[in-house]
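Have the structure open as you read along.

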Amino acid sequence: MMWILTLPSVQSGSASIWRADRLLRRWGALTLLLLGVSLSLGSAVASTSSVSPVLTVTLSGNGITNTNDPYAYYVNMLRLALEKTRATDGDFDINFHDHGGGIERDRAMLIAGAGIDAMWASVTRERAEKLRVIDIDLLKGLNNYRALLIHQNNKARFASVKTLHDLKKFKTGTGPYWTDGIILKDNGFMLTYGSNYGGLFKMLSLRRFDFFSRGLHEIYSDLAAYGDLGLIQAPHLLLKYDHPVHYCFFVNKENTALADRIERGLRLALADGSFDALFFSMPGFQYGYSLLRDAQQQVLVIHNKTNLQ
């Protein structure tokens, strides 16, 4: 802004000189006042522009969770990681996109960098090639062991299983593209595919297949949700992958900033114990660990090549 000061022509006589001097003093004071206001406004704008923008992370689903549901755990673990880095990286919001397309739709959207910003899943070679993995196992090894969900009328038949050869006599159910289903197929099991997650439990109750392989972090909530369909856990029988399958967060390959923030947050949570506190707050995860400590469990080792280089 520019101010133009027009002075009266200087005439002879002290009165005219005095009036000109007084006018100069007044304009000088006004100029300094306006300059101070201008500098204050500029400082305020600069201060506002230096505030970090709020990070928005969109996840798949509707955000409605039961606190005992594994879905709630993953959402809360991501929230914990972002909270641990709030002081250094700024505020954040978690939004949800309920597209209803399943894990393959999640993956396609994440690869394209459109729709969602993060997901969680088993780590396979293919997923690691197409997405960025935050390589911290969210399930602390529980996903590497599988319990078998069966119909209660088959309890005696599964009690006779002693080897993988025995187990291969039974047909298993799985979802398309599921890591567990790929491993079972690679090992010669007979597979029946379900079109949706909930439908698989109904198919098992109708004896369309004989067992449903479930992670040790899942079986507890499965029994609570579907026990009234006549489904039980096969007693004293677990599967174990010979090459561990970690369960991790994924982001788009190019989203290095988000990957870095999540990893730093998770490592801070591991260091201060809040990671384990959240993990063991889940009754299902506590139950899964109790199965591993049960000496009566018979563990059948199955080959996993999905994450081999």
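Phe170 is buried, with a relative accessible area of 6%, and Phe158 counts as buried too, at 3%; buried means under 20% relative accessible area, exposed over 50% and partly exposed in between, with a 1.4 Å probe and protein chains only. This is a predicted model, in which local features need pLDDT of at least 70 and side-chain atom pairs count only at pLDDT 80 or more, while totals for chains, interfaces and linings use all residues. Residues are numbered from 1 along each chain as its sequence is written, and side-chain values use heavy atoms, leaving out hydrogens and water.

The structure holds 21 aromatic pairs (rings of Phe, Tyr and Trp, the last by its six-membered ring, with centres within 6.5 Å; planes under 30 degrees apart are stacked, over 60 edge-to-face, the rest tilted). Two of them are set out here:

| Pair | Type | Centre to centre | Between the planes |
|---|---|---|---|
| Phe158 and Phe170 | stacked | 4.2 Å | 25° |
| Tyr197 and Phe201 | edge-to-face | 5.2 Å | 80° |

Phe158 in helix H6 (residues 155-159) and Phe170 in the loop between helix H7 (164-167) and strand E6 (171-174) are twelve residues apart, so their pair links distant parts of the chain. Helices (H or I, at least four residues) and strands (E, at least two) are DSSP runs numbered from the N terminus.

Tyr197 and Phe201 are four residues apart in helix H9 (residues 197-205), so about one helical turn separates them. Tyr197 is partly exposed at 39%, whereas Phe201 is buried at 0%.
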